[in-house]
Amino acid sequence: MSSRLQEKVEEILPRVSKPARYIGKEVHTLNPERAAQGLRMVLSYPDVYEIGMSNLAVRILYETINRDERFSCERVFVPWMDFEQELRKNCIPLYSLETFTPLCEFDVIGFSMGYELLYTNVLTILELASISLAATERQDEEPIVIAGGPAIFNPEPMADFIDVFVIGDGEIAIIQILEELLKVKARPRKEKLIALNSFDFTYVPALYNQGTHRGFLITRVDKSVKKRIEPDLELLPFPRKPIIPLTRIVQDRITVEVNRGCASGCRYCAAGFIYRPVRERSVEGVFDIIQDSLTHSGYDEVALLSLSVGDYTGFHELVRRINERFASENVSISLPSLRVNSTNIDILRMVKEVRKSGLTFAIESADGLTRNRINKPVDIGQLMEIIWRVSQFGWRLIKLYFMVGLPMAEKEDERIAELVLDLLEASRSIQMNVNVSVFVPKPHTPFQFARQIDVEEAERIIGNLRDRFSRTRVHVKFQNPRMSLIEGILSRGDRRVARLIHEVHRLGERFSSWDDVFRYDLWEEALKRLNLNRELYNDYESNRGTPFTESGSRGIPFPEPVSRGTPLTGAETGGSASTQNLDTATFPWYFISSGIKGSFLKKESERAKKALLTGNCVHGQCAQCGVCQRGIKQTLFQSQSHRGEDPTEYEVSKKPAERSTRTRVKMLFQFKKQGLYRFISHLDLLTLFIHLGKMAGIPFSYSRGFNPKPHFGLPFPLPLGVESEYEIGEAYIEDALEESVFCDRYNSQLPVEMKLARAERSQLMKSVASFPFFHDYMFPYSHDIEDLLQKNIERGKIFDISPCEFYVVQKTLVMLRIGRDRSIKKLFGQDLFVRTHIQRRMLWQECDGKLVSFFKEK
Ligand code: SF4
């Protein structure tokens, strides 16, 4: 634990937005003492905390690694730009959240790469950690940089920066890699890399040479890097004590993966191919995880994660069991996007029992022919019926997702507008949100060589749609077509794209996936400086015959993966890149095997042209995609012969509104907020107390209606960054809980910096904040502060109370009392406020002209 580094960070935190992103200290994270043991890894999803912490892969890997006593795993996310500036200005290295250890001191840094537009963020992390950006320049003592995740199924655009790519499922793979590293820990870097390249699911770019081939800078890799597939999800670790974030994250709920892989075969969807085959957890297994996770987190929402949750063979049974068990505890279910054809009205009727958020349908295309081409048939009549029925169940929001620029699609704007307006007509009272994005062809799909429409074309379609919806109640959101264009380059790029990423990062590009800060001009500038033609990556179809096609043949090849060979240690052979034989290197990701046969992708591409559908292999015949072989196969919860409609009748044990017949008691309690926890905002603190209260078994009383919330309040908001010894909370509970038991339960969950000092029942049902009150603050004395306080007394801004408005304790500390309508932050002004370490010492209520405690003094 680096306390000096932590002190330096604490000095800059008051100056940045959302400081809780950078303090760690969440419940269920690694104990700092345990963190220093064994081989040390730091794991990142390269985006801001709120997004990184929502990533299930990070949570699973964190749990998996920390279960093993030989290793420890901490986390780091990307600092927002204000924090990045402060780190640079103050020469503070980027650090791990658990122990404030500089990243360069770790043995391994791991990135979970979910999305190509995160690539520049990886460079930000490495640079702020003072780790050499170029993998080939790293020294022995620098960490090994590992990357995995769906985006790196074409690793080449990041190959200059990453030491080891891990392809496929990561749970067992990461342990094998760490074990291997443990064996070679004392060896030179090059030997470590050679050892790590010995797995068939790893790729170490530094060990291979490159050469230009048919217009691309291709790496000659003479082994097929095979996707690692874990056959049985139930044997893998899954976090049952979720980390409780200290600031609201994007997926602020329990997320449970019900299955991995998708058999739908949507031809545009990379995840649908690279995660195959489908492997389902049992209903019992999922239910067990949900039960444990709810107990250990206090969440009231469960998300069932799947690429196609409606295809999960235990879907009905699982939803019914969750509802029967948890509806009376106000736990709701959230579903990812549903396929219309697999959506069952009964499911929606069950899911709506507790809380109705929006329903999402990814239609993708408004045209039936195009939907067939992309292998995503949608029965529009059925969709209309669903929308009409769910409006009766009380849903108020439908979200529809469309793509434009799909292969061979025509008049997409007109067709989307017509369909949405028809659906709007059917929905009547439902709000309809439409999201339109631009199709980005992805490697390892039947459309991997398809043309991506250019920005002008996308903008024309989007402009037309904007006009068509301008006077309707449809809310339309368009993804920035320039971002899609860059995503396309990064998705199908070769090694030169690594230089593009480096250049654009150097120019100042940050957070490319954030529309509001994305800088297309910087990408254009970087392309120009490197003399890179983006058409090469965006328009593979037009490049037919130039970059990839064997001379004399037409069309784009779909070669089978190259055979497994001895890893080529190009750096050691000294062979010149340009003289390497690159005959098998037809496109940049040719050596990565997703398990899907090239011939299958080619066949699917041909079927797309003819608008022929290929069936779903969970519900029908195997389509011979090639993934299932040598012990790898689909694992389904229910076999086809046992699948049938689940009974539509079920019992929700007790509905929330019927429940509350017990006497409601108000508990007033005093607690402190100290140390790094002073950087949690008021709203986040409120949420944290509710989580911890539920985990501690506090029987909260709930509001009524379809969005029930615990009756809980923190009536005296404390400015962010101010510590307090004396905070007050109000909890309304439904049980005759002893005051000491209330305190003990809370304190069993609270960190030492926030413990409760006391609790007492209050007869007063209205909030204590409705009375006149005063607060006392303490802070270090300085002349600036004395001047400021004197001026404010003269202006009557400080409450005048005998013997004095403020007094100096031993010429070092100032005590200040102010009234309810005064804000310490406003009084100080931003500049002095962030420079001063302030503590709240006391809260008083005014009673008959006297200041008295909110609690009965004994
Ligand atoms: S091999 Fe057959 S069953 Fe297995 S994922 Fe492919 S299509 Fe489905």
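Glutamate 10 forms a salt bridge with arginine 678, and their closest N and O atoms are 3.1 Å apart. A salt bridge here is a side-chain nitrogen of Lys or Arg within 4 Å of a carboxyl oxygen of Asp or Glu. This is a predicted model, in which local features need pLDDT of at least 70 and side-chain atom pairs count only at pLDDT 80 or more, while totals for chains, interfaces and linings use all residues. Residues are numbered from 1 along each chain as its sequence is written, and side-chain values use heavy atoms, without hydrogens and water.

**Salt bridges**
- The count by this rule is 59 salt bridges.
- The pair links distant parts of the chain, 668 residues apart: glutamate 10 is in helix H1 (residues 3-12), and arginine 678 is in the loop between strand S20 (665-673) and helix H24 (682-695).
- Helices (H or I, at least four residues) and strands (E, at least two) are DSSP runs, numbered from the N terminus.

- Ala, Val, Leu, Ile, Met, Phe, Trp, Tyr, Cys and Pro count as nonpolar, Asp, Glu, Lys and Arg as charged, and the others, Gly among them, as polar.

**Helices H17 and H19**
- On the H17 side, Arg482, Leu485, Ile486, Ile489 and Leu490 meet Tyr520, Trp523 and Leu527 of H19, where contact means heavy atoms within 4.5 Å.
- The residues of this contact comprise seven nonpolar, no polar and one charged.
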